[in-house]
Structure formats: C-alpha cells, structure tokens
Amino acid sequence: MKHEIIIAGFGGQGVLSMGMTLAYAGMVEGKEVSWMPSYGPEMRGGTANCTVIISDAIISSPIINSYDMAVILNQPSMEKFEDSVKENGHLLFEANNIMVKPTRQNVTIHEIPAMIESVKLENKKIMNMIMLGSILAVRPIVTIKSVLEALKKVLPDRHHHLIPINESALKRGMELVGELTTA
Amino acid sequence: MSAASEGIQCAYIEDLDEVWARPSTLIETTMHYCPGCGHSVVHRLIMEVIRELNIQEIAIGVAPVGCAVFAYHYMDIDMQEAAHGRATAVATGIKRMLPDRMVFTYQGDGDLAAIGTAETIHTINRGENIVMVFINNGIYGMTGGQMAPTTLEGSITSTTPSGRDLAMHGHPLKITEMIAMLPGAYYVTRQAVNTAKAVRKTKRALMNAFKYQMEGKGGTSFIEVVSNCPSGWKMTPIESNQWLENHIFKNFELGDIKTPPKE
Amino acid sequence: MNTKVLMKGNEALAEAAIRAGLKGYFGYPITPQSELLEYISRELPKRGGSFIQAESEIAAINMVYGGAGTGERVMTSTSSPGYSLMQECISYIACAELPCLLVNVVRGGPGLGTIQPSQGDYFQAVKGGGHGDYRVIVLAPNSVQEMADFTYLGMDLADQYRNPVLILADGALGQMMEPVIFPDYNPEDHKVDHSAWATRGKPNDRDHNVITTLHLVSEKMEEVNLTLQEKYRTIVQNEVRYETIEVDDADFIIVAFGLTSRVAHKSVELARAEGLKVGLLRPQTLFPFPTNILSELADRVRGMLVVEMNAGQMVEDVRLAVNGKIPVSFHGRMGGIIPQPEEILDRIKLVYNVNEMETA
C-alpha cells in the first residue's frame, strides 16, 4: 500500500509540520516514508507545500506530480494542485481559506471547517492538526497513536505540554469527516 | 606538553659565537633574495625569536605568494604554503585545529593588502591568536616590479611608467592603520630593518608578538616591516635604504600603532 | 541504539560528519545548504570541534586547506556559486594531497541562477573545475541515508588517498526528509596516521614538514603530476561504486545519478508495468566513473537514455564508456526543474522505438 499526498497552503499555516508529523508517524509504524518540501524565498509569506509519501515498499521517486490525496489550505494552491489529484483520489480543503470551490467530478471532495473548529478549541495554531485528523479519517494511513508518538519526536521538549491539545484537534478533525459525510 | 602550555621558556643567549652564527632554526642554505633585500633579515629575526623562545617544535608558519614564497626553504619549522592572499585563512585553519601551536603568517604588500584584504581584515577582526608579519616594500618584487597597494604617489613601477597617479590608481593603502582600529587587533606596530637599531627594534616587536600569542592574550599581533626592494626600485642597496629614510618613512611612519593595554 | 530518525538530507550529512570525528568546519551561508552550516554551528562546538563562519567561500576553503594540513578531519559545504569560488584552493588541496570533505548542494545555474535543485555542476565537480590536472573523488548520494553513509565513506576515502572528496548533492536531497540510521562508527578506529607529512610542529627527531604546491623545476612538477595520476589510477581501479536496478533482463538502460536516479527508478517501474524491459544504472561515484559496467551493458542492450538536471554533462562520460556500440540518448531539465517520471517514460518510449527502427 502506498499513499502519495500533497499538502499545500501559505507559509505559517503549519503545512510543512503537518506533513512532517504524518511522515514521522509513518516511520513509527515501520513504513517507508519521504517528505519533500518546497523551499526558498517562496516560503517567505508565500505558498508552501510538501509531498509526503508513505509506503510499504521502497519509495523510488520522492518527486511526483500526481497524488492520491491533496490537502489544500489556500486558493493559489487549489489552482495549482486541483488537477493533479488522481482519479478516485481525495481532495481535502480548508473551508475558510477557499473562495472558489473545486469542481472536479472524479475525485472525492471534503470541505473541512478546520479554521472555525480551531477557534472553538481556542488555538488557531492547531488548524493543521485538525486537517491531519481529517486526512486520517478519509484514509487511515497511520493511527492516531502513531501521530502522537511522532509529535513527541517532532515537537521540542518545551512544547510537549501541547500534545493533549493536538490530540483533541486530531480527534475533532476525524469527527468532522464523519459529520460531513452523514450530513 | 607543549612549551606554550608550560609557560614561556626563554633561552638567554650568552655565547657571542651563537649571536654571530646562523640561528639553529634557520636552514643552512643560500637564500634566493636579491642583495640588500630586507626579507632575509626578517626571516632571520623570526627564526632567532623562535629559537630564543624555544618554540621550534610548536611553531607553524604560513608562507605567502610573492618573494617570500620560498620562506619554507629557510625556516626549519613545519610550514604550509598558501594561495595568494589567503595566508591568514590558512593560519586560521591551523590555529583552530591546534590552538597550542604558535602560528604565524609572513606576507608581502600585494598578498596582504591587495588580493588578501578581506582575509586580513576578517582574521584580525576575529582576533585570531596568531602573529602576522607584513613586509611592505611598495612593489611586486616577484612578478617584476609592478605597482603595489602601498606604492607611493609618483613612484615609477612597471605598471605605473609615469609614476603612480592617484586619480588613475588610487591612494597608497595604509592597511596597518586600518586594521589597528579593529577590536581583534592586540598589538600593531610598524618597524623597519634598514639599520642595526631598526633591526633590534623589529626583533623586540617580533619577540613581543610571539610572547603575546604564547600567553594567549586574545587578539592578533601584527608587525609591519617597511622594507626595501633594490631590484624593483632599480637602486643599489644603499640607495634603497636612503630612499626609505628620505621618502617612504615620511608616508609610513615607524612606531607602535596599537599597544596592548597596561596590566 | 541505532534508531531510525527522520531528518533532512543536509542535517543527516552534518550529523554524520560530526559522528565521523569532524574537528573543523569552515563555511559560508548559501541556499540551499544553510541547514548544514547551521546544524554544525550548533552541534560541533559542544562535541569537540571548531566552527567558523568565514567571510567568504574563498576564506572558508583556505581554512580547510590550513586545517587539513594539520591532518585533522575538516570540511566545508556550499552550493554552486560558492563551489565555483572555491576552485582555486581545491586545486591546491589536491596538489598538496590533503584529506578533506567538500559538499556541494547544487542549485541551478549558470550565474546566480536559482536555488532549486540541479546537477549543472557535474563538469565542475568531476572534471576538475580548478586549474591543472587533478581529480576529486566525487560521491553522488540519492537518499538521505546515503547523505549520511557517503559522509563516513568520504572522510575515510579522503584519509586513505590523501585527496579531497566531494559529496555532490542537490537542493532537493538537502531539503527532503527521509528516515536515516546512523551506523556504528568509532572515529578512533578509522584514524590514519598523518604525522609523516602533516604540519603540526616539528619534533627534534625529524626534518621539517612542508606543505607546498610550488615546484618551479619542470621535471619536479611533472613528477608531482605523475604521482597524482598514479594515485588517480588506483582510485579508478578500487573505488568505483554503482547501483543497478532491474538490469538483468533489461534491453534498455537509463543512466542517472543523485535525485534524478530516484525519479528514473519510478520511470523504470512505470515502463515495466507497460512491459518494457527497462533497467537503471546509477553511478554512486562520479569520479571514478563506472565505465566498465556501462561498456558491458552496452554489449547486451539496445540503447541507453541518460537523464540529468542539466544540459547534458554526464552523458559525455556515458558515451565515452559505450564507445559508439549503441545509441545513447539524453533527456535533461534545467533551471531547477526536476524531470517527472512520466516525461522520462515518454522519452524512453520515443527512443526505444527509434532504436528498434535503427536495429531493424
């Protein structure tokens, strides 16, 4: 099994750390992983993205141009990546940040109100973890347990007290997908 | 245990024969320098100081590109030959790897004050605990007498056939005054070797500089020696020494420019 | 003990260098290798080494020259324009036969270019770059694990051959994260005695050591050159490294190094899925170049495609190795663009058929 995912948005939205956490969780589960970021001046307030591949087999190319799943956090990224989701793939986007909604017919689209939920949880910085929860609800790439394990590695010690709020965010993100599907 | 970490051990030379003889740290061979050139005197002085401070085993020298490129043929210590202008960067690499060794550079004006200006300034600005010896003879001797950054206004060289024109070639660079302003410079002096008295003063300056390094006083010691180039200047050795007195020293005044703080 | 960690290529290389007993690092910031410099500035001083952010790449490489002259393990890292600046002194280091590790995290050129990944420095890295006849051992990792592994290997080869070793990476390899395991490696076990030539201070019982590259007598300079060439021949004999993927039954071969080989690997998978018998040869050492295996493969495949992130540099060495036996095509992207697996596949199909027509 192989998951090829693009996560894209503005710098500062936690795009890169979301991808890094996901990749780390994959590694915790003994899978092959790669995390390839965009880098350079485009990250200074501009768009940022990372490609995460999690696979049972060796990963040949960390560079790909079509994805099983795209996670989109801003409009420019929607325009850039909507068409690169594979047929029957998943397109998740953050509701508050997208003005022009995607129109693809042959992919499953998930509109996640992660921003509003993060405000409800009184921490806007965990928007990315809500999105990550939604990713895992759409496709169980890794377990929440592995993500929490990964957070312990990714976060510096001084931020470990934030792990519980991250856990709440992940769980809320998972619930959101269920609520939206049943709605 | 190195001599440096044991503190300074100075071998006082009482035997006059040894005073007149070649210091044991100077290799017994004929130097390639032109008759009357100051390089050979400064080489000898450095080697006398290394001998008298008993630091031959821990001294490492860096030779430049220029007339002194073959300094390692004469100095009986471990030496590394640098690319043009980079002696102080090379010395930095050596000193950082072996902080208890006594490291010095030996450079001419083209090497230190033209192509190597950035390395000169930044090495001193880092306060690398090394000794820099700077031979300023106002000319590129090795390549055939071209203008140096320190060539005086009006001086005829092979690239200033009508004399150095400030509008065309810029000003003689007083790099020693410049670097004395840097906080990393611990001891900065300008000396000469054109008379016996000047030679003695230069030796004292060199002795102080190496002592400061051994004591780890925290900074770079910089010794400029204003010297002659009889061949490049197209003068006899005596004429070149007179030229130093009558012209060069008026522009490059001798004496200490920055002395260590009194303890 | 040797746990798997997720790291950027630049950081894995830096960590490996410190674990390999690095004593001196001298560098200058330039994207996309600055994480390497930053990591070492943070870690090396507290683990027994010396770090200097130099005033320029020129100063940095000359500090490496000085540090290497003491026989200690030293290195620098930079990206393309910085590597250009270092060339003069690399020629000195090679001539003086000093061991050191160099890293070029290549970005797109020429000129100031772009900070995106490229392989445009192949010629500069492999053919010398500076003045005179000299060679640098060039290692080309294609994963974060190899960024670490080749750092240990590079340090050892540098000491063994008293020669600069270059790790030729690229911006993407430096920035990407993959799991890495640092092997057991005790620098003490790998220590080479350099006291015979290193300038560390002259004991009374030996002549003074001099490190110089100036030999004005032509016969002496030729002798120095002949010694160097003899060493390079030994390196060519002993140190060629490469990886083959699906070559056993292949009738067509892609040749690619570094990041491009990862993309090409994916193209091999795609081609195999369509029934094309495509294999991949990946040089892990660019100097010495895997000439023999390429020549052997040329006897049994119908063609080769060289894929690079440049206008066609390594392809010249592949063609020399193949020596006209089969057609060797080239596909390259420049300016920081990474070729995609699908475009390589398209290109394979094109030349695969052309070659078929030619042989028909």
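## A walk through the chains

Start by selecting chain A: its secondary structure comes to 6 helices and 6 strands (DSSP runs, H or I of at least four residues for helices and E of at least two for strands, numbered from the N terminus). Before going on, note that this is a predicted model, where local features need pLDDT of at least 70, side-chain atom pairs count only at pLDDT 80 or more, and totals for chains, interfaces and linings use all residues. Residues are numbered from 1 along each chain as its sequence is written, while chains are lettered from A and ligands numbered from 1 in the order in which they are written.

Trace chain A from the N terminus and you'll pass β-α-β-β-β-α-β-β-α-α-α-α. Its radius of gyration (over C-alpha atoms) is 15 Å, close to the 16 Å that the globule rule (2.2 Å times the number of residues to the power 0.38) gives for 183 residues, so chain A is as compact as a globular protein of that length. Along the principal axes, its C-alpha trace spans about 40 × 40 × 40 Å.

Next, bring up chain C with chain A. Their contact (C-beta atoms, placed from the backbone, within 7 Å) takes 19 residues from chain C and 16 residues from chain A. On the chain C side, look at β1 (4-8), α7 (171-175), β8 (177-181) and α9 (258-273), the elements that give two or more residues. α9(C) gives the most, with 5 residues.

Of the 2 pairs of chains in contact, chains B and C share the most contacts. Chains A and B do not touch, their nearest C-alpha atoms being 29 Å apart.
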